[in-house]
Amino acid sequence: MATTTMTMAKALNEGLRRAMEANKKVLIMGEDVGKLGGVFRITDGLQKDFGEDRVIDSPLAESAIVGTAVGLAIRGYRPVCEIQFDGFVYPAFDQIVSQVAKLHKRSDGVYTMSLVIRLPFQGGIGAIEHHSESPEAYFAHTAGLRVVSCSTPEDAYWMIQQSILHDDPIIFCEPKCRYWEKGEVDTEHAPHGLFEAVVRRPGRDVTLVGYGASVRTMLRAAEAAEAEGRSLEVIDARSIAPLDLDTMAASLERTGRLVVVHEAPHTASIGSEIVSALSERCFYSLRAPGLQVSGYHTPYPPSRLEEEYRPSVDRILDAVDRVMGFDA
Amino acid sequence: MIGEELVQLLTPEGERVSHPEYESSLTNDQIVSFYRDMVIVRRLCNESTSLQRQGQLALWAPVQGQEAAQIGAGRALAPMDFTFPTYREHGIAWCRGVPPADMLRLFRATSNGGWDPQKYRHSVPTVVLGNQVLHAVGYAMGVQRDGAEEAVMAFFGDGASSQGDVLESFVWASSYNAPIVFFCQNNQWGISTPMSVQSKIPLYHRAHGFGFPGVRVDGNDLLAVYEVSKRALDNAREGGGPTLVEAYTYRLGAHTTSDDPTRYRVDAEVEVWRHRDPIERVKALLVREGTVKASYFDEVAEEAEGLALQLREDVLAMGKPDPLTLFDDVYADYHPLIEEGRREMVELGVAGGEH
């Protein structure tokens, strides 16, 4: 097994490189992706190796980055668009929802919307406004789109390649605060399918489900809970739309208690969807209502307050206390 | 009113006029054939309006008045060129070979598309203003990367000219020198919004600000539209980059069958444009030059009548689609919610087809 230690940023870079080597139709497009290598350096060195026609430094307009990618996909290309930050995706929202999501259907399957929209999302880097948002639910709500998120370098390496190979349009959410964390990457075998949830830590008492940056936080909470004699199972959803409810339900059938962790406001969120869907599936196994630990119903705060806003180990443990309390 | 920069090769009275930069290259056979196209497209359009009035279509977007703009541009296209329409490009669809009944699937509300866009090299209708123009630019960037000698034509109107997507398209096409022709049919009205609210300068002037040429052509002049379109398409294919063609025309009918233009524009204006009717002026030319026998006009009208009857028959035969098709082609690959929906519908015993 060929494993290498690398950061998530490097893993994404290597994954993109491998996808571009494998298929000449794969293009990268976005703001500052070429010479600069992207503001997070995810595409570092790719323009130098693949040329300006395949790694396209674009003018600054998100709707056009996605809209022209649609045209390239119609022509048979497989564009990977970089949206610089989560909060800048909204100018492209119209193209994503009205065109990217619907053209396969509208053309009776003739058009393949084989494009990936990379979206650095969630907070935790001390940024100014519009650089730390969690817009995944907007896209998960739209039929025709798929939404995935990586939480480890190994997933980043494989999931970006799997997304590029996939024929449906994929919103690829990258937890930007994990870009610089290192992990082992098996570069020979993909450990999981793109749409599978994965149990990151087995446990007996409570099922924690989350994705992206929240996975690390959940694992820390599980370690802390262990010291108190509580066994938490941590599931990395990985695919946000569709959800791998089978894996989550199998866990919940055993634990009977569910806490979902994410950074978006909880109303009409991925957390709401997971709690709702699993309540229906696992009703007779539930020992407590499913809870969410999420962002508050406020705009993402000035980042000096982001640690109060984002799900923390303490807030997760508090929710664990509450679901455990229903047994009394 | 129109201005001296307008490219015109045929007056409203059907007289040929010369222009310093453009000359008609059309043979008599071509003019005769394109006249037929225009008559048929108008007749099919009128039939569609009737079908809507009779409750057989959910909506119809008439093209009446814009036939020269669409047949002129549509016939200037080469077979391998690719076109990105709005919902009013019935004349372009006709030129691309889309069967008339397929053009009405959207309006019959049996499909959100209607035809195979790759087969006809004519994309599916786009209802959100301006979205398709970016697709056209992206497609043109693909043509460029393939090294293909093809051009792309993007259609939009004066209404969509205010959309960010259209203006971003100008930036992209200019920056990458994309092989594209932006074909703007300025029909003077975006539903009730007049041109004066959309732009304080002629639309074709905008192109200069983006760094590529813009041309205003008499959109009711078949000969001029053909030449201007052809030159712009040739230029794109030869690597000359984008051109904005503003076809200066008029929407003689309503925006759609849901619209009431008498609320926002005066009859006198419509009358002025009726005198500039694009079909009548070609007919006047053909009569003036004795190109066809007098019986030709009746023959074309009769053929159009037959096609209209056929269209009516085809549309009436278009039943409600099988409800299970709801779940087809939402995704290219397996999706659990699609399977769940399909299963639920089957279990509910929803039968397919007409009922």
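The legends below describe close-up views of a predicted model.

Residues are numbered from 1 along each chain as its sequence is written, and chains are lettered from A and ligands numbered from 1 in the order in which they are written. Because the model is predicted, local features need pLDDT of at least 70 and side-chain atom pairs count only at pLDDT 80 or more, while totals for chains, interfaces and linings use all residues.

**View 1. Helix H11 of chain B, a mostly covered helix.** Helices (H or I, at least four residues) and strands (E, at least two) are DSSP runs, numbered from the N terminus. H11(B) covers residues 222–237. The expected span of a helix is 1.5 Å times one less than its number of residues; for the 16 residues of H11(B) this gives 22 Å, and the end C-alpha atoms are 22 Å apart, which agrees. Of its 16 residues, 12 are buried. A residue is buried if 20 or more other C-beta atoms lie within 10 Å of its own, exposed if 12 or fewer, and partly exposed in between, with C-beta atoms placed from the backbone. Among the buried residues are B:Leu222, B:Tyr226, B:Lys230 and B:Ala236. Just after the helix, B:Gly239 has a positive phi of about 90 degrees.

**View 2. Helix H15 of chain B, a hardly covered helix.** The 12 residues of H15(B) should span 16 Å at 1.5 Å a residue, and the end C-alpha atoms are 16 Å apart, which agrees. The count of buried residues in H15(B) is zero. B:Gly349 follows the helix and has a positive phi, near 75 degrees.

**View 3. The contact between chain A and chain B.** Two residues are in contact if their C-beta atoms, placed from the backbone, lie within 7 Å. Chain B gives 33 residues to the contact and chain A gives 34. On the side of chain B, the elements that give two or more residues are helices H6 (117–120), H7 (131–146), H8 (164–176) and H15 (336–347). H7(B) gives the most, with 11 residues. This side has 16 nonpolar, 11 polar and six charged residues. Ala, Val, Leu, Ile, Met, Phe, Trp, Tyr, Cys and Pro count as nonpolar, Asp, Glu, Lys and Arg as charged, and the others, Gly among them, as polar.

**View 4. A:Pro59 in a loop of chain A.** A:Pro59 is in the loop between strand S3 (55–57) and helix H3 (62–74). This residue is partly exposed because 13 other C-beta atoms lie within 10 Å. Leaving out residues up to four places away in sequence, A:Pro59 touches A:Ala64, B:Val171, B:Trp172 and B:Ser175. A:Asp32 is 27 residues from A:Pro59 in sequence, and their C-alpha atoms are 8.9 Å apart.

**View 5. The two domains of chain A.** Domain bounds come from an automatic or database domain assignment, which gives domain 1 (3–186) and domain 2 (198–325) for chain A. Their C-alpha centres are separated by 26 Å. In the contact between them, 23 residues of domain 1 meet 21 residues of domain 2. On the side of domain 1, helix H6 (136–140), strand S6 (146–149) and strand S7 (170–175) each give two or more residues. S6(A) gives the most, with four residues.
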